[in-house]
Amino acid sequence: MEGVAGIVGMPQVTPGVPEYAQGREWFMQELLALVEGLLEGGAGDVSIFDEHWFGRNIDIARLPCGVRAFCGKPPYRADWAGGLDAACDGLILQGFHSMEGAGHLLSHTYEPDFKAIYINGKLVGEIGMETAVAGDFGVPLVMIAADSAGCDEARALVPGVVAVETKISRASFGGECFALDDVLGRLRAAAVALVRQPPAVAPWKTGPVGLVCVFKPGAYLDELRRQVGGLFISDDSIRIDASSATAAWAEYWQLKLRVQAKI
C-alpha cells in the first residue's frame, strides 16, 4: 500500500491506526479502477493476492463478480505462488515501492528487518522478488502502479513495462501527490489498453537461485542465528540455494514463520 496515491507516511498503511481507514479507501479505489479497466479491456480472469501486512486489506464486498482474492497471505510453496501460474498472461503490481537504501518515499524491502536481498548477486526489493517468482511460471511483469521511484525500479528491471506513477517521490516521508481522480483515470485507461495491446516484455527467468538476505541488527536477526545458524555467510546475511526464485523464497518464508513464532 505504500505506493498508493496520497500515501506518504506509515500510519496511513498500518492496520489498527486511525489513518489506515483513509489509506485503505484510497487503496481500494485504485484496485477497483485497475480491475474494472482489465475487465473492460476484455480480461477473462482476474486474480488478486493481498501482499500488505497480514493480507487483510481488500474489501471483497466491492469486487466485481468473478474476481478472486487471496487474503491472509497464504505462504508461497515451491510449486505454488499465491494463485499465479503458467495460465496467467501477466503480473500487475499495485501499491508497490522502491527498495531499502535509496532514500525515496517510504522505501524499504518487504519488512523492517531486511537491509537487502540479492538474487544471483542482483540487488532487488519486493518488485524484483515478485517479478522473479512470476518469471518461474513464465509470467512477465506487464504493469506497475507505484510512486515515481518504484516505477523507475520496475522500468530498470523490465524495460517496456507499463508504469503508472501515482505520486512523485520527494523525500523519505514526502511526495508530490496527484488528485485521486486523475490517478484513477490513468489506472483504468492503462488497464484497458494493457489487455487490448500487451507490452512486448518477457518473463524474468532467473534459473537456479542463490538468494542472499541481509538483515538489520535486532531481535529478528538474533533469533534467526539461533534457528538457522548454518545458513549464515556473514554476521548479518544468510544464503539459500534453490532450483528457482519461488522455491528459495518459499524456504525463506518458512524460516521467517519459525522465527516470528519465537520472538
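Trainee: Is Thr131 buried or exposed?

Mentor: The model is predicted: local features need pLDDT of at least 70, side-chain atom pairs count only at pLDDT 80 or more, and totals for chains, interfaces and linings use all residues. Residues are numbered from 1 along each chain as its sequence is written, and side-chain values use heavy atoms, with hydrogens and water left out. A residue is buried under 20% relative accessible area, exposed over 50% and partly exposed in between (1.4 Å probe, protein chains only). The relative accessibility of Thr131 is 1%, so Thr131 counts as buried.

Trainee: In which helix does Thr131 lie?

Mentor: Helices are DSSP runs of H or I with at least four residues, strands are runs of E with at least two, and both are numbered from the N terminus. Thr131 falls within residues 126-136, which form helix α2.

Trainee: Which residue has its backbone oxygen 2.7 Å from a polar atom of the Thr131 side chain?

Mentor: A polar contact is a pair of N or O atoms within 3.5 Å; within protein, one must be able to donate a hydrogen and the other to accept it, and residues adjacent in sequence count only if both atoms are side-chain atoms. For the side chain of Thr131, the backbone oxygen at 2.7 Å belongs to Ile127.

Trainee: Which residues does Thr131 touch, not counting those up to four places away in sequence?

Mentor: Contact means heavy atoms within 4.5 Å. With residues up to four places away left out, Thr131 touches Leu91, Leu93, Leu141, Leu157, Val158 and Trp204.

Trainee: Where is Gln94, and what is its relative accessible area?

Mentor: Gln94 is placed in strand β3, residues 91-96. It counts as buried because its relative accessible area is 13%.

Trainee: How many salt bridges does the structure hold?

Mentor: Side chains of opposite charge can pair when their charged atoms come close. Here a salt bridge is a side-chain nitrogen of Lys or Arg within 4 Å of a carboxyl oxygen of Asp or Glu. The number of salt bridges in the structure is 14.

Trainee: What is the relative accessibility of Arg188, and what is that of Glu40?

Mentor: Arg188 counts as partly exposed because its value is 32%. Glu40 is partly exposed as well, with a relative accessible area of 43%.

Trainee: Which residue meets Glu100 in a salt bridge?

Mentor: Glu100 is partly exposed, with a relative accessible area of 25%. The side chain that meets Glu100 in a salt bridge, at 3.3 Å from N to O, is that of Lys216.

Trainee: What is the distance between the closest N and O atoms of Arg170 and Glu176?

Mentor: Arg170 is exposed, at 56% relative accessibility, and Glu176 is partly exposed, at 36%. They form a salt bridge whose closest N and O atoms are separated by 2.5 Å.

Trainee: What volume lies in the largest cavity?

Mentor: On a 1 Å grid over the protein atoms alone, a cavity is a set of points where a 1.4 Å probe fits but cannot get out, and lining residues have an atom within 4 Å of a point. Grid points are joined across faces, edges and corners, and the volume is the space filled by probe spheres set on the points. The structure holds 1 cavity of 30 Å³ or more. The space in the largest cavity is about 90 Å³.

Trainee: How many charged residues line the largest cavity?

Mentor: Residues in the lining include Phe49, Glu51, Lys73, Tyr110, Glu130 and Trp253. Ala, Val, Leu, Ile, Met, Phe, Trp, Tyr, Cys and Pro count as nonpolar, Asp, Glu, Lys and Arg as charged, and the others, Gly among them, as polar. The lining has 7 nonpolar residues and no polar ones, and its charged residues number 3.

Technical notes:
1 Å grid on protein atoms, 1.4 Å probe; cavity = no way out; pocket = protein on both sides within 12 Å on 5 of 7 lines; lining within 4 Å.
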